[in-house]
Amino acid sequence: MQNATETILEIDLNALGHNYRYLTSKIEKTTKVLAVVKAFGYGSDANVIAKELVDLGVDYFAVAYSSEGEALRDQSIETPVLVLHPLPGNFNMIVERCLEPSIYSRRMLTQFIAFAESKKQEHYPIHLKFNTGLNRLGFSEDDLDWITETLKKTNAVQVRSAFSHLAASEDLSEAEFTQKQIGQFRTISEKLIAALDYKPLLHTVNTSGIINYPEAQFDMVRTGIGLYGFGNDSEENKHLKPIATLKTVISQIHKIQPGESVGYNRAYTAKDVERTATLPVGHADGLSRAYGNGTGWVSIHGKRAPIVGNVCMDMVMIDVSNIDCQEGDEVVVFGANPSAEDLSGAIGSIPYELLTAISQRIKRVVCRK
Ligand SMILES: *Cc1c(COP(=O)(O)O)cnc(C)c1O
């Protein structure tokens, strides 16, 4: 751990290892682990995270788009990569870089088979995605006969896995709905396996699913947010360690006289003599404008310092009237305190959004605490 001299996103690989071991302790030893490293590894650094996960023994990776899979291949990562949301325009890259597409519609299956045949592929691994209630991407149960008939006519592709995605695995008040999703996925996969003469891997749970529905782990689990240190509920968060800390420094301290304003549009007016600190991080870095005017805060020497006025593109001003600090001192935007959950919660958001919004211009610094 180093003292920040500029804005950095510190990534603790020991925390990643801790989270990986905690999550895998919740499942059977034989269950495979797919790590979701989309969106730059939830805003951290997908390449660094993926390499560490390879060392930890991960079985699969998933990304949203094929370009994210290509970036992993460019770093010589050879683990299978599931592309969750490919489009027909990506098929060339997918096959060239040995990425494995999620096939979620009749149009996709038809076009991917035609593409794989044109490239003289045999048994190219594909993953069939079934919609069981999220209503986002996926075949419906009614497509099963069409799918198996279509697959029987070609040997260009092979179903490596069949999967579905839960809509509300973190929300126990939706347990009945989730059980229905799991039940429907079980039915679909049994019918699929009966129609194919081989057994693809089955998987449906994400991080909250691992925690709340371990009985639905099937052959593999897909974990994203848990690896990065969040479990979607405060009890589970206690067992996980956030891997990312967004740190910055005080660039300048101003003494503000009563009646003077701070920042754009004069959104804040001082009532007393106050001290503000200007930080080199702004909404272009992922610190949303919604955190302005006291909604968000940072921590300096463990003390809470609220944001004053509007968040600027590259800077933010904070109230340090009651904090003993000086120019150059380190500031924690989020990490242990405030956590990404505390901060994002202040604007009605979630850690997923705050973490993935951290701009690529912020330097990533890897450490092991
Ligand atoms: C993003 C994603 C995941 C990971 O979910 P977490 O809640 O971050 O564990 C799993 N499966 C699919 C289909 C996803 O899109």
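In this predicted model, the structure holds 13 salt bridges.

**Salt bridges**

One of the bridges joins Arg-97 to Asp-74. Arg-97 is located in the loop between helix 5 (91-96) and strand 5 (100-103), while Asp-74 belongs to helix 4 (residues 66-74), so the contact ties together parts that are 23 residues apart in sequence. With a relative accessible area of 22%, Arg-97 is partly exposed.

A second pair consists of Arg-106 and Asp-143. Here Arg-106 is part of helix 6 (residues 106-118), and Asp-143 sits in the loop between strand 6 (124-130) and helix 7 (144-152); the pair therefore ties together parts that are 37 residues apart in sequence. The two partners fall into separate accessibility classes: Arg-106 is partly exposed, at a relative accessible area of 37%, whereas Asp-143 is buried, at 13%. Asp-143 is classed as buried because its value of 13% is under the 20% cut-off.

Glu-235 and Lys-238 form a further bridge. Glu-235 is partly exposed, with a relative accessible area of 44%, and Lys-238 is exposed, with a relative accessible area of 63%. The value for Lys-238 is over the 50% limit, which means that this residue counts as exposed.

| Salt bridge | N to O distance |
|---|---|
| Arg-97 and Asp-74 | 2.9 Å |
| Arg-106 and Asp-143 | 2.8 Å |
| Glu-235 and Lys-238 | 2.8 Å |

Salt bridges also link Glu-10, Lys-247, Glu-330 and Lys-369 in a network.

**The largest pocket**

The largest pocket has a volume of about 640 Å³. Its lining is made up of 28 residues, and those nearest the centre are Lys-38, Tyr-42, Arg-136, His-165 and Tyr-352. By residue class, the lining of the largest pocket comprises 15 nonpolar, eight polar and five charged residues.

At least two lining residues come from each of helix 2 (38-42), strand 9 (220-223) and helix 12 (351-357). Helix 2 provides the largest share of this lining, namely three residues. Residues of both domain 1 (13-229) and domain 2 (244-367) take part in the lining, so the largest pocket lies between these domains.

**The second largest pocket**

The second largest pocket contains about 200 Å³ of space. It is lined by 13 residues, with Phe-40, Ala-46, Asn-47, Glu-68 and Ala-71 closest to its centre. Two or more lining residues are given by each of helix 2, helix 3 (46-56) and helix 4. Helix 4 accounts for the largest share, with four residues. The lining of the second largest pocket divides into six nonpolar, four polar and three charged residues.

Helix 4, for its part, carries Asp-74, the salt-bridge partner of Arg-97.

**The annotated C-terminal span**

An unreviewed UniProt entry annotates residues 243-367 as "domain: Alanine racemase C-terminal". In the model, this span is 10% helix and 36% strand, and its end C-alpha atoms lie 10 Å apart.

How values were computed. Residues numbered from 1 in each chain as written. Predicted model: local features only at pLDDT ≥ 70, side-chain atom pairs only at ≥ 80, totals over all residues. Heavy atoms only, no water. UniProt positions renumbered as here; feature names shortened; annotations may be inferred. Salt bridge = Lys/Arg side-chain N within 4 Å of Asp/Glu carboxyl O. Buried < 20%, exposed > 50% of the residue type's maximum accessible area, 1.4 Å probe, protein only. 1 Å grid on protein atoms, 1.4 Å probe; cavity = no way out; pocket = protein on both sides within 12 Å on 5 of 7 lines; lining within 4 Å. Points joined across faces, edges and corners; volume = space filled by probe spheres on them. Nonpolar A, V, L, I, M, F, W, Y, C, P; charged D, E, K, R; others polar. Domains from an automatic or database assignment.
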